[in-house]
Amino acid sequence: MDDKDLIRKRHVNGIRLASTVGTGLSFTGIFVSILTNAGWTSELAGQLFTVFTLTGTTIYLLVAIFVNAKNYNYFLALLLFWLIISPWFRRAVFGIDDGVVDYLNTFGGRMLDYSFVFISYGMILAVLLSRFYLSVSLIIYYYLITAVSTSNLIFNPKTFFSYDPSVISSNHYAMHGGIFSQNAAITTFSAIALIAIAWSMQRNLKDAIAHERSNNLLGRYFSPEVRDEIEKNKDKHDLDQEKEQQIAVLFTDISNFTKLSEGMKPQEVLALLSEYQTKMVSAVFEHGGTVDKFIGDSVMATFGTPFSRGNDAQNALNCVRQMQVSMRDWEKQREENNLPIVRHRVGVHFGGCFVGNVGSSDRVEYTVIGDTVNVASRICDACKEIGAEVLFSDKVMNKINEKLSSEVVSKFSIRGRKEKIDLHKISV
């Protein structure tokens, strides 16, 4: 999963949360309307407000239930359309009721206090979208709408500000300056605070993406147990710190792969490799190993990276056992389906390796390098010459916890090396 997919995943969660909250607010509005008739004087205004509330609820529900990564843009456009037009629709409904009631002459300066009621709903939903620039734009939009609404009252020739309680209580068109100052300050502060929250959410989004990317990368190499251990003890297990470790290195490859894949379609070859590699990776992860890389039909795994799990040679042996069981089961399945039998070779060596990140500034790979790796690869190759399916070096045999019967191949000459080594041909 690349960064775009991770960002889209977070955005989908954001719009779903915003729509869920919007649904809750709309249901609350419906409930209040049923109990109080919403206080409408105009029957038309009451009916239109009911339509308005039901439409908003429907839109929020549709988005909350059906939005996903593929249709996100369409639902975002739908939700934005509603968030943009809903304040004007609401103003139009109030305008119809105003034509019957004449709000200014009925409520006078008290109308100013109601101008701040609805702004918080839109700004909160805007922040929940988890898109910083879009959230900020919507917050400013709602803030300006409120500013326009209050300006119409403030600059009306009939209204005026007063801080004198006797004037406010006796003059119908007096606007309470203290309450207005508080409302304006709270609204402004809320807008600024919500923008700060949106910015913080954007930062958290980047951190979350980095964390999820890290988990995805770790998941490519390490078993879930090892990955969790790394996450819990980052200071103790720093993957950016290169070091030399004693580890077991395992190589596998498919026997006669060139002949086996001859005449197969590319898709069939990929399917075969994928199935084989899945079985190998499962065995490696099951026994605390690390998948280092895939090389054609070969799998390279290590035991003891990024940290030792105890007896790493024994873990490698147990891994090979599971691999062989999987291969025998696979052999039966393919035989029953009249497919060519797939067999493989395994070579394991133990020794010191350089462990850490290698590569350039553009591409870095967590891997192991050293003579132990080369010898392990040569041991796997030697299976063909010796006629073995599994070969362990003498160093591995000396590290395992059990007595394992084997056929010793003494002083075998590894290709490319002067020093001869003892190999153990084993059946597991």
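**Reading salt bridges and a nonpolar patch**

Student: Is Arg 321 counted as buried, exposed or partly exposed?

Tutor: At a relative accessibility of 26%, Arg 321 counts as partly exposed, a class lying between buried (under 20% relative accessible area) and exposed (over 50%), with a 1.4 Å probe and protein chains only. This is a predicted model, in which local features need pLDDT of at least 70 and side-chain atom pairs count only at pLDDT 80 or more, while totals for chains, interfaces and linings use all residues. Residues are numbered from 1 along each chain as its sequence is written, and side-chain values use heavy atoms, leaving out hydrogens and water.

Student: Which side chain does Arg 321 meet in a salt bridge?

Tutor: A salt bridge is a side-chain nitrogen of Lys or Arg within 4 Å of a carboxyl oxygen of Asp or Glu. Here the side chain of Arg 321 meets that of Glu 402, at 2.5 Å from N to O. Arg 321 belongs to helix α13 (residues 312–336) and Glu 402 to the loop between α15 (394–397) and β9 (407–413), so that the pair links distant parts of the chain, 81 residues apart. Glu 402 is also partly exposed, because its relative accessible area is 30%. Helices (H or I, at least four residues) and strands (E, at least two) are DSSP runs, numbered from the N terminus.

Student: How many salt bridges does the structure hold?

Tutor: There are 5, and one of them joins the side chains of Asp 253 and Arg 345, at 3.2 Å from N to O. This pair links distant parts of the chain, 92 residues apart, with Asp 253 in strand β3 (residues 243–254) and Arg 345 in strand β6 (residues 344–359). Both Asp 253 and Arg 345 are buried.

Student: Which residue forms a salt bridge with Arg 415?

Tutor: The partner of Arg 415 is Asp 381, with the closest N and O atoms 3.3 Å apart. Arg 415 lies in the loop between β9 and β10 (420–425) and Asp 381 in helix α14 (residues 371–386), so the pair ties together parts 34 residues apart in sequence. Arg 415 counts as exposed because its relative accessibility is 56%, whereas Asp 381, at 32%, counts as partly exposed.

Student: Which residues make the nonpolar surface patch?

Tutor: Patches are made of residues with over 30% relative accessible area and no salt bridge, like charges being joined within 9 Å and nonpolar side chains (Val, Leu, Ile, Met, Phe, Trp, Tyr) within 5 Å; areas come from the Shrake-Rupley method with a 1.4 Å probe, and for residues only the protein chains shown count as cover. In this model, Phe 27, Leu 61, Leu 62, Ile 65 and Phe 66 make a nonpolar surface patch of about 460 Å². Helix α2 (residues 43–66) gives the most to the nonpolar patch, with 4 residues. Leu 62 has its place in helix α2 and is partly exposed, because its relative accessible area is 35%.
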